[in-house]
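Please examine the sequence and the structure shown below.

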Amino acid sequence: MQNQFQDQLQNQFPYLKEKKLLLAISGGIDSMVLLHLLHKLKFDIIVAHCNFSLRDAESDADEDFVKSTCESLNIPYYIQKFDTKQFASDYKLSIQLAARKLRYDWFSELLTDKKIDYVLTAHHLDDEIETFLINLTRGTGLEGLTGIPAKNEKTIRPLLIFSREQIENFAKENNIKWREDSSNASNKYLRNKLRHDVVPILKELNPSFMNSFQNTLNNLKQSQSLVDDASRIVYRKVVQEEEHQKKINISDLKQLENYEAYLFQWLKPLGFSAWRDIYDLVEAQSGKQVFSEKYVLLKDRIYLIVSERNQRDCNVSYIIEKNTLEVKNPLNVLISKVDDISNLTNTTIFVDEEKISFPLVIRKWQEGDVFFPAGMKGKKKVSKYFKDEKFSLIDKQNQWLMCSNDEIVWIINHRADQRFIANNKTKNILKLETK
C-alpha cells in the first residue's frame, strides 16, 4: 500500500512534496494511517485535531492520543475544542453539519494564519460508496453520484483509491495504533446504517463490488466531465454576463432539447433548489421570482435574470456635502468644477451649480417620482421611464437617483434632468461622473 500511495501522490499530486500540509487527524485508523504514510515519506506536515466534545471523556482521550502521537513523532500540531451541541442549537443545524462547519472553518483559518498550502483528509473508497448511497437515497443529479472529489480547492483526499479493508490491513501490518470511535458502532446515523447493513450485502452479492464500484465512479466522473463541457459551451451562447447580473435568453434556452438540465447545471452552484418553480418560471408572467439564500432568479420578458439578493434598505440615502470631490458609497461618483462641457455620456453629466442646492442626496427611486428627461419636453414618471427603457425589476431595484431638494438631478448612469444641466452660457459648471 505504501508504494501505491507514493505512486498516487506522484501521479495525481506531484506538487505536494514542496508544500506545507495540514493533516486532519481524528485519531481513528484512517487518519493515523495517513499520518504514518506522510511522515515516513518526509512530507512537511502539521496536524490539526478537532475535539467536538460529543463523547465526553472519550473525546478528551482522543485528543490526548493525538497529542502524544505527534509529540513522539516530533510533528507540530494544533488542537481545537468545540461546543458542537451548543453551536448546532444556535444555528439550527444537525450535529453532523455543525461539526463539519466548525471543522472546515477552523481549517480555513489555519491555512491563512499559518501560511499552510493544503488540508489533507483521510477519506477512502468506502466513504465514497457511503456518500454515493446517501445521495442516491435522498435524490440527486449526476454530480451527486460521482463520489467525493480527490481535490476540492485547498482540500486533498489522497486515500480515495484505498478501501477500508486495505487501510486496516496496512495498520495491523505496521503496528500503527489508533482510537476506535464508539459512535461508529451505532446505527443512529444513516451513514453507519449503510456501512453496517447495506454495503456488506452488496459485497456479498458481488465479491468484486469494490472494483466494480470504482469503475462505475470513473465512468460517472467522465460523464460529468462531458456534461460540464456541454454546459460551458451552451452557457456562452445563451447567457449574457453583465456587471451585477446574468441574463439567460429565454428564446434561445427553449430551443434546447432539454433546457431544464442546463438550468440545473448553471443554477445549482448558486444555491437554488426549488427546481419545479424554476422550470415553471420559463413560461411564467414577467415579474415572477425564485430565491436562493444569496441570489434571486427573475422572469423578465425575454430573459431569466440572476442577480445577488439586494439586502440594502430601499429607504437608505447618502448625503453629498458642498465641495465634496468624491463619493464612494453607494457607488463611486467624482465631482469637479470645469470650464466647459465635453465628452457628455450616460456616465458623465454637466450641471449648473447655481441651479442645485447642497447637500445633494443619492437615494433609490420611489413610486410617484417624476423628472424632466434631458432632450425631451415636459416631465415623465420615473416608473414610465423605466418601462420605456425596458428596465427589469432587478434593474429598478438597483437604480440610484441623485437629487437636489428632492428633485431628481440625474437617474445615475442613464439620464440627466433637463432643469439642471449646464449649457454654453453656464458660469459655474459641475462635472458629475461615475467610475
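The model is predicted. The discussion therefore rests on computed coordinates, with local features taken where pLDDT is at least 70.

Side chains of opposite charge can pair when their charged atoms come close. Across the whole structure, a search finds 30 salt bridges. One of them joins Asp126 and Arg164, whose closest N and O atoms are 3.5 Å apart. Because Asp126 belongs to helix α6 (residues 125-138) and Arg164 to helix α7 (residues 164-173), this pair ties together parts that are 38 residues apart in sequence. Asp126 has a relative accessibility of 4% and so counts as buried. Arg164 is buried too, its relative accessible area being 18%, a value that falls under the 20% limit for that class. The pair also takes part in a network of salt bridges, in which Asp126 and Arg164 are linked with Glu130, Arg191, Arg195 and Lys203.

In one, the side chains of Arg419 and Asp417 meet at an N to O distance of 2.9 Å. Asp417 is buried, at 0% relative accessibility, whereas Arg419 is partly exposed, at 27%. In the other, Lys435 pairs with Glu433, and the closest N and O atoms are 3.6 Å apart. Here Glu433 counts as buried at 13% relative accessibility, while Lys435 counts as exposed at 65%.

The next topic is Arg363. This residue is located in strand β16, which covers residues 360-364. Is Arg363 buried or exposed? Its relative accessibility is 6%, and it therefore counts as buried. The side chain of Arg363 makes a polar contact, at 3.0 Å, with the side chain of Asp369. When neighbours within four places in sequence are set aside, Arg363 is in contact with Val316, Ser317, Asp369, Gln399, Trp400, Leu401, Cys403 and Asp406.

Beyond the neighbours within four places in sequence, its contacts are Ile356, Ser357, Leu360 and Val409.

From individual residues the account turns to empty space. Rolling a probe the size of a water molecule over the atoms shows where empty space is left. The second largest pocket holds about 840 Å³ of space. Which residues lie nearest its centre? They are Glu243, His244, Asn398, Gln399 and Asn413, out of 26 residues that line the pocket. Strand β11 (303-308) and helix α14 (393-398) each contribute at least two residues to the lining of this pocket. Sorted by class, the lining comprises 12 polar, 8 charged and 6 nonpolar residues.

Asn329 and Pro330 are joined by a cis peptide bond, with omega about 5°. Pro330 sits in the loop between β13 (326-327) and β14 (333-338). A cis peptide bond also runs from Phe358 to Pro359, with omega near 0°. Pro359 occupies the loop between β15 (348-352) and β16, the latter being the strand that contains Arg363.

Positive phi values form the last topic. Asn74, a residue other than glycine, has a phi near 60°. Its place is in the loop between α3 (57-73) and β3 (77-81), and at 70% relative accessibility it counts as exposed. Lys92 likewise is not a glycine, yet its phi is positive, at about 55°. Lys92 is found in the loop between α4 (84-90) and α5 (95-113). With a relative accessible area of 75%, Lys92 is exposed.

Technical notes
Residues numbered from 1 in each chain as written. Predicted model: local features only at pLDDT ≥ 70, side-chain atom pairs only at ≥ 80, totals over all residues. Heavy atoms only, no water. Helix = DSSP H or I, 4+ residues; strand = E, 2+ residues; numbered from the N terminus. Buried < 20%, exposed > 50% of the residue type's maximum accessible area, 1.4 Å probe, protein only. Polar contact = N/O pair within 3.5 Å; in protein donor to acceptor, adjacent residues only side chain to side chain. Contact = heavy atoms within 4.5 Å. Salt bridge = Lys/Arg side-chain N within 4 Å of Asp/Glu carboxyl O. 1 Å grid on protein atoms, 1.4 Å probe; cavity = no way out; pocket = protein on both sides within 12 Å on 5 of 7 lines; lining within 4 Å. Points joined across faces, edges and corners; volume = space filled by probe spheres on them. Nonpolar A, V, L, I, M, F, W, Y, C, P; charged D, E, K, R; others polar.
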